[in-house]
Amino acid sequence: MILEMKVPSPGESITEVEIATWLVEDGDYVEKDQAIAEVDSDKATLELPAEESGIITLKAEEGDAVAVGAVVCLIDMDAKKPEGAAATKKVDTPKEEKKEVVKSEAKTYATGSASPAAKKILAEKGMDAKSIKGTGKDGRITKEDAIKAVPSMGTPPSSEPRGVSRKKLSMLRRKVAERLVSVKNDTAMLTTFNEVNMQPIFDLRKEFKEDFKAKHGVSLGFMSFFTKACVRALQMYPAVNSMIDGKEMVSYDFQDISIAVSGPKGLMVPVIRDAQDLTFRGVESEVKRLAIRARDGQITVDEMTGGTFTITNGGVFGSMLSTPIINPPQSAILGMHNIVNRPMAVDGEVVIQPIMYVALSYDHRIIDGKESVGFLVAVKEALENPLELLMDNDTKKALEM
């Protein structure tokens, strides 16, 4: 009996997926529930498991866009497993991505050489004599030929062929591109900036990070401080925790914080649910869990939808300052950046402190300047006074030590 395997729906509103990688070869014997392919939707990369055991026949190629419900492979369930053969799965190094190479070869029109005057003119134009068709005797390039020659704009002279690589964008990358462009076109996006003295957090981490990790199995990082500071600020400025839906403003009494992480297929934005109810340990555990799932390509659509506010950390890549783009349909996003020792006035004296620039991009249609600036100042205040504003003056209790 032949089983037709169809593309399952990976989530609401998704109508097609792209075959990212086949994990088996045509004609392989596969076991039930064995991962046979990785498929990209516009939100995540998912594994496609075999529905039954048998010999597989592939009906789509890598890179093909396949509609949800379409047949992607056949499984001959009557076929017997070859003796001594285990289920086949590609375990070699990742296959090189297919590239189309377009080579531009310079054509040599002249069989003769250029006159001394022509050589000088061509040198001034940055042109190769081999690219000029001479009109002189035996194809010799004359002074007039050199004067009339027009260099190719932006193309440096070269007699060697050069390659241009082309690679199809994944469905996820194409969807991200569309969303980013739509945000720029459909929102009144502005960005406000501030700076944070990170010394108080440095001091707390220096004192407690080893004991915290030993007890809870996760590091005491910056994300828990920023997440809790954002939760506090969102509660103070609920417009920042709101969205536009048609002609209505939708506000939330909970804080689901999206965190931007880099995955193998590009940017992923999993969500920390009910961040307002989490402790420092709870936030750090969720950040670690989601980052691992994103890195391993296991993030699901459900884990990346429903956030009310986003935090992105360009500082891990060395960014000093940036204007992050809003993650729709949300109305604001906080950008963290690298921490650099800078001179700062403290109690009337100039001292060196670890400073981070922070940026809040927001939709001005729903968030006014007073609210956006107030929100960012509230974040700054909490980060510069975490003991009082984030820990209720009881560090050990807040860190569950």
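**Notes on the salt bridges**

1. Lys380 and Glu384 lie 4 residues apart in helix 7 (residues 369-384), so about one helical turn separates them; helices here are DSSP runs of H or I with at least four residues, numbered from the N terminus. The two residues form a salt bridge whose closest N and O atoms are 2.9 Å apart, the term meaning a side-chain nitrogen of Lys or Arg within 4 Å of a carboxyl oxygen of Asp or Glu. Lys380 is buried at a relative accessible area of 17%, whereas Glu384 is partly exposed at 25% (buried is under 20% relative accessible area, exposed is over 50%, and partly exposed lies in between, with a 1.4 Å probe and protein chains only).

2. The model is predicted, with local features requiring pLDDT of at least 70 and side-chain atom pairs counted only at pLDDT 80 or more, while totals for chains, interfaces and linings use all residues. Residues are numbered from 1 along each chain as its sequence is written, and side-chain values use heavy atoms, leaving out hydrogens and water.

3. The structure holds 9 salt bridges. One of them joins the side chains of Arg281 and Glu400 at 3.2 Å, N to O; Arg281 belongs to helix 6 (residues 280-295) and Glu400 to the segment after helix 9 (395-398), so this pair ties together parts 119 residues apart in sequence. Arg281 is partly exposed at 32% relative accessibility, and Glu400 is partly exposed at 24%.

4. Asp363 and Arg365 also form a salt bridge, with their closest N and O atoms 2.7 Å apart. Here Asp363 is buried, at a relative accessible area of 3%, whereas Arg365 is partly exposed at 47%.

How values were computed. Helices (H or I, at least four residues) and strands (E, at least two) are DSSP runs, numbered from the N terminus.
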